[in-house]
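Dear colleague,

I am passing on to you the structure that we talked about. Please look at it alongside the notes in this message.

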Amino acid sequence: MSNWPILSLLIWVPSLGAIPVLLAGNARPRLARWLSLAVSVITFAISLLMLAAYHPADGTMQLQELHRWIPGIHSTYHLGVDGISAALIVLTTFTTVLVIGGAWEVIQDKVHQYMAAMLVLEGLMIGVFCALDALLFYLFFEAMLIPMFIIIGIWGGPRRVYATFKFFIYTFLGSIFFLVGLIYLYHRAGTFDLPTLWSLPLTMEEQVWLFFAFLIAFAVKTPMVPVHTWLPDAHVEAPTGGSVILAAIMLKVGTYGFVRFSLPVLPDASHALGWLIIVLSLVAIIYIGYVALVQEDMKKLVAYSSIAHMGFVTLGLFIVFMLLREHADPQAARLGVQGAMVQMVSHGFVSGAMFTCIGVMYDRLHSRLIRDYGGLAQAMPWFAAFMVLFAMANCGLPGTSGFVGEFMVILSSFAANPWITLFAAFTLIIGAGYTLWLVKRVVFGRVESEHVRTMGDINLREACVLGAFAAAVLAVGIWPWPLTHLMDASVAHLISQLTATKV
Amino acid sequence: MFNLNDLLVMIPELYLTAAACVLLLMDVFLGDSERNITHWTAILVLVVAIYLVVFGQPPGTATAFDGMFVRDRMAEILKCFVLTATVIMFVLARPYLRDRKLQYGEFYSLTLFAVLGLLLLISAGNLLTLYLGLELFSLPTIALVAMNRESGLSSEASIKFFVLSALASGLLLYGMSMIYGASGSLDLAAIYRSAATTAHPHLLRYGLVFLVVGIGFKFGAVPFHMWLPDVYEGAATPVTLFISSAPKLSAVAMAYRLLESGMGAMAGDWRIMLAALAVLSMAVGNIAAIAQKNLKRMLAYSTISHMGFLFLGLAAGNAEGFAAATFYAVCYALMETVAFGIILTLARAGFECEMIDDLKGLNRRSPWFAGMMAIAMFSLAGVPPLFGFFAKVMVLKAAIDGGMLWLAIVAIVAAIIGLYYYLRVVKVMYFDQPDETAEPLRAQADMPLRWVLSLNALALIALGLFSGPLFDWCQAAFGIS
């Protein structure tokens with residue numbers, strides 16, 4: 001069992017599983033649905049096996065696989081997971097099952113292609129999380145764009161072509177600078193192997209240039225202010241499943257890039273320029289929070305709230321250097337990174353659930369505008385219960401997963417600088433503001449519209465999907481220990497990498 | 001004097017000469033209805049030639065006729081893919097030519113002679129052999145471009161091609177004469193030796209400029225690209241396919257022989273010239289391609305920009321760089337055969353699938369071919385995990401290793417601009433609905449065509465995921481182990 005190439009299976013089962021789904025053809029949508037569900041469930045099961053085989057106490061890379069790939073440029077097929085990537089992989093496989101379940105009757109046109117694109121996307125995202133070779137990482141990082149481009153472009157809303165082009169070109173623009181940075185690193189190190197790059201000494205000037213090359217890629221993907229503008233468009237136009245994957249997982253790929261590349265490869269530049277990221281994160285938290293407040297389109301609102309929440313992740317990651325090198329407080333630094341990681345996972349569940357909720361409403365009324373709704377609690381009581389729960393998680397109510405990560409980041413930021421805490425804590429007010437106001441206008445109040453009155457409550461399939469999300473949100477919120485325990489040793493390992501200077 | 005060993009070194013070329021002549025004669029006795037015999041014979045001829053190139057000779061480097069003809073591992077790779085690209089072209093071309101009553105026997109023999117020219121060019125060890133190969137390629141190709149006699153566009157393209165390639169040949173010859181004057185020899189190895197010690201470095205440098213012009217014309221690099229869009233658009237699509245794939249491979253050899261083997265001592269000069277051509281080609285090619293509505297013209301401008309990318313490898317001026325450029329040329333040829341192959345597949349009697357809008361809603365009509373075209377487009381754009389991405393990585397790496405980081409950054413900016421028009425083709429196929437009035441698209445039912453095209457497209461994925469062996473082969477050709 002332990003000799004099985006579990007990580008390769010995780011990547012290739014969904015990627016190649018897309019082929020029979022495609023072969024099912026347009027004429028047999030039922031077959032395509034069941035096949036893709038089977039593939040995604042199998043992948044989820046494999047990811048649980050991976051979790052079982054992983055030893056959390058040892059935070060280094062485990063389950064490694066190393067094969068020749070392109071010897072001419074010393075690039076290898078090198079995979080491995082630590083606690084951080086293991087958590088994100090399970091998040092990916094879990095969400096994909098729900099997305100495929102969520103698309104069941106919603107997608108009617110070219111079902112096989114939709115499902116196949118989702119499976120390929122899943123394989124590529126898992127690949128990003130376990131690649132230990134920089135070129136391999138880049139391959140997965142970029143290849144993800146193709147299925148997402150197709151998903152938004154074919155099954156999206158009226159402005160889908162604009163949105164998907166913007167999405168593709170924006171992200172491509174960011175990441176291609178990253179590629180040049182990687183090739184430069186190769187030029188210096190003579191290898192693309194990530195563990196070697198982590199220990200590669202670099203001068204400060206090199207680090208600063210590389211830092212910006214990497215920053216463009218990851219900032220676009222995360223997304224950070226001011227390069228976030230593709231996200232609202234992509235979210236609004238994408239089909240529900242596309243939005244869920246985009247918010248729940250693809251955004252994490254950006255912050256995961258910071259964890260794997262910017263921090264350990266360029267610790268000194270990350271230290272020196274940490275203030276920039278911290279400022280941008282605070283701007284995201286406060287300014288984007290206000291932007292979310294005025295949105296009339298529910299998807300846009302959740303999209304902006306995603307940007308604000310990702311601000312917490314980048315904040316947690318980059319206050320580390322202040323804590324480590326100026327305050328010599330590794331405990332607080334660990335708490336900050338830990339918080340950022342929990343926030344990544346939690347945001348995956350919460351934003352995925354929020355977009356699924358909006359999808360459920362959209363399927364019934366074909367509108368995403370807040371003013372078209374009102375009083376859903378009377379027409380759809382079950383749905384309303386779920387929606388309120390996720391909204392509470394979105395504004396960080398204790399007992400839900402949203403609270404844990406934000407609280408940890410805020411706590412550790414206090415050790416760095418109370419001013420940061422002051423600004424970051426604004427989110428508790430603004431976040432509550434836009435989410436509760438959304439809930440008030442959509443779920444509560446009197447039923448104004450005839451259409452709303454006739455909306456049926458959620459069916460069993462939707463209940464299962466939302467129920468799974470709810471269970472995850474509550475589990476992490478009430479008992480975060482399994483999650484933090486999984487990542488603890490790996491975070492400590494990361495912190496130890498960041499302590500030493502590389503100049 | 002020559003001996004028998006000299007002949008053995010150039011067995012594939014001798015064989016191809018004989019075979020092309022036999023094919024020409026044989027076709028005289030065949031009626032129009034028996035043209036398929038010529039077709040399959042021509043393919044057989046090429047397959048045997050591939051066999052002879054790869055297995056028919058002892059490994060290692062050899063020269064013949066006092067260094068006039070060089071056979072080395074680079075020549076082996078490039079010849080192999082020149083022949084392969086031509087085989088693919090023949091298979092894809094048949095239904096198209098048959099439907100248009102263009103399936104002349106001359107098409108096959110002219111193509112074989114042009115291929116022979118390419119092989120000679122690849123193996124040239126002397127300025128004269130090089131020129132001979134170049135002209136042997138150009139003249140039959142000019143005739144091929146004009147093959148569609150009824151089309152004014154074809155004739156125009158042919159004349160344009162003829163005049164401009166005559167001009168380029170003239171410039172090349174002029175440069176060669178100066179080099180001969182400075183070094184006293186036409187042999188590339190001798191020129192290399194004398195370049196370091198010559199009493200006339202300026203004359204040599206002057207000659208070098210003209211050589212670079214000739215090379216630039218052959219690749220279609222800006223500002224010597226004017227012929228390319230018109231020829232691509234005007235020629236019958238199979239001929240365009242041929243021009244866009246095989247000659248680019250041999251152009252790499254031409255650049256290597258002239259610049260590295262001949263003028264290696266002046267690398268500092270030609271590297272900067274090639275870098276300038278690369279910047280211009282990437283900029284002009286990518287920006288002009290955005291404005292195109294005609295698919296063939298768009299691909300022509302995309303060719304120009306890709307040649308700019310290929311020049312990144314050449315401009316690095318070392319073995320790594322030439323290996324990367326060779327890899328890029330192979331990749332490029334295989335991508336072009338898919339892209340033009342789709343155009344051929346969708347064309348039928350009385351309908352040319354030439355405008356980008358003609359592809360509207362292809363995903364509904366024939367999802368398989370839409371997928372193939374999408375693979376080709378994403379590969380041309382350089383999105384991983386496809387072949388085109390790795391080709392780009394290799395040339396970028398060569399440029400950075402060669403100390404031209406600025407050139408690599410210019411190149412990626414160009415790649416971002418280029419992304420747009422490739423995505424547009426995918427958009428038209430996948431996101432747009434077909435016009436109500438337009439005739440429905442129908443893919444050719446010709447079985448060999450479907451198989452070859454599909455294999456070709458799948459090779460773009462396979463060679464992307466497993467690019468190691470091919471890249472090793474390219475590196476070994478330039479002595480990097």
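This is a predicted model: local features need pLDDT of at least 70, side-chain atom pairs count only at pLDDT 80 or more; totals for chains, interfaces and linings use all residues.

Residues are numbered from 1 along each chain as its sequence is written, chains are lettered from A and ligands numbered from 1 in the order in which they are written, and side-chain values use heavy atoms, with hydrogens and water left out.

**The interface**

Between them, chain A and chain B bury about 3300 Å², of which 82% is on carbon and sulfur atoms; buried area here is the accessible area (1.4 Å probe) that two parts lose on being put together, summed over both. Chain A brings 36 residues to the contact and chain B brings 36 residues, where contact means heavy atoms within 4.5 Å. The rule finds one salt bridge across this interface, a salt bridge being a side-chain nitrogen of Lys or Arg within 4 Å of a carboxyl oxygen of Asp or Glu. That salt bridge joins A:Asp109 to B:Arg364, with the closest N and O atoms 3.4 Å apart.

On the side of chain A that touches chain B, the elements giving two or more residues are strand E1 (62-70), helix H5 (134-143), H6 and helix H7 (160-189) of chain A; helices (H or I, at least four residues) and strands (E, at least two) are DSSP runs, numbered from the N terminus. H7(A) gives the most to that side, with 16 residues. By class, the residues of this side of chain A divide into 26 nonpolar, five polar and five charged, with Ala, Val, Leu, Ile, Met, Phe, Trp, Tyr, Cys and Pro counted as nonpolar, Asp, Glu, Lys and Arg as charged, and the others, Gly among them, as polar.

Helix H6 of chain A, residues 145-155, is mostly covered, with eleven of its eleven residues buried; buried means under 20% relative accessible area, exposed over 50%, and partly exposed in between (1.4 Å probe, protein chains only). Among the buried residues of H6(A) are A:Pro147, A:Phe149, A:Gly153 and A:Trp155.

**Aromatic pairs**

Over all chains the count comes to 58 aromatic pairs, the rule being that rings of Phe, Tyr and Trp (its six-membered ring) pair if their centres lie within 6.5 Å, with planes under 30 degrees apart counted as stacked, over 60 as edge-to-face and the rest as tilted. A:Tyr138 and B:Phe389 form a stacked pair, at 5.5 Å centre to centre and with 20° between the planes. This pair crosses between chains, from helix H5 of chain A to helix H17 (residues 387-401) of chain B. A:Tyr138 is buried at 1% relative accessible area, and B:Phe389 also counts as buried, at 1%. Within chain B, B:Tyr421 and B:Tyr422 make a tilted pair, with 4.5 Å between the centres and 45° between the planes, and both residues are buried.

**Backbone**

Most residues other than glycine have a negative phi, and most peptide bonds are trans. A cis peptide bond joins A:Val225 and A:Pro226, with omega about 5°, and A:Pro226 lies in the loop between helix H9 (204-221) and helix H10 (230-237) of chain A. In chain B, the bond from B:Val222 to B:Pro223 is cis, with omega near 5°, and B:Pro223 has its place in the loop between helix H9 (201-219) and helix H10 (227-234) of chain B. A:His366, which is not a glycine, has a positive phi near 55° and counts as exposed at 57% relative accessibility.

**A buried residue in chain B**

B:Asn456, in helix H19 (residues 447-465) of chain B, is buried with a relative accessible area of 6%. Neighbours within four places in sequence aside, B:Asn456 is in contact with B:Ile88, B:Leu334, B:Thr337 and B:Val338.

With best regards
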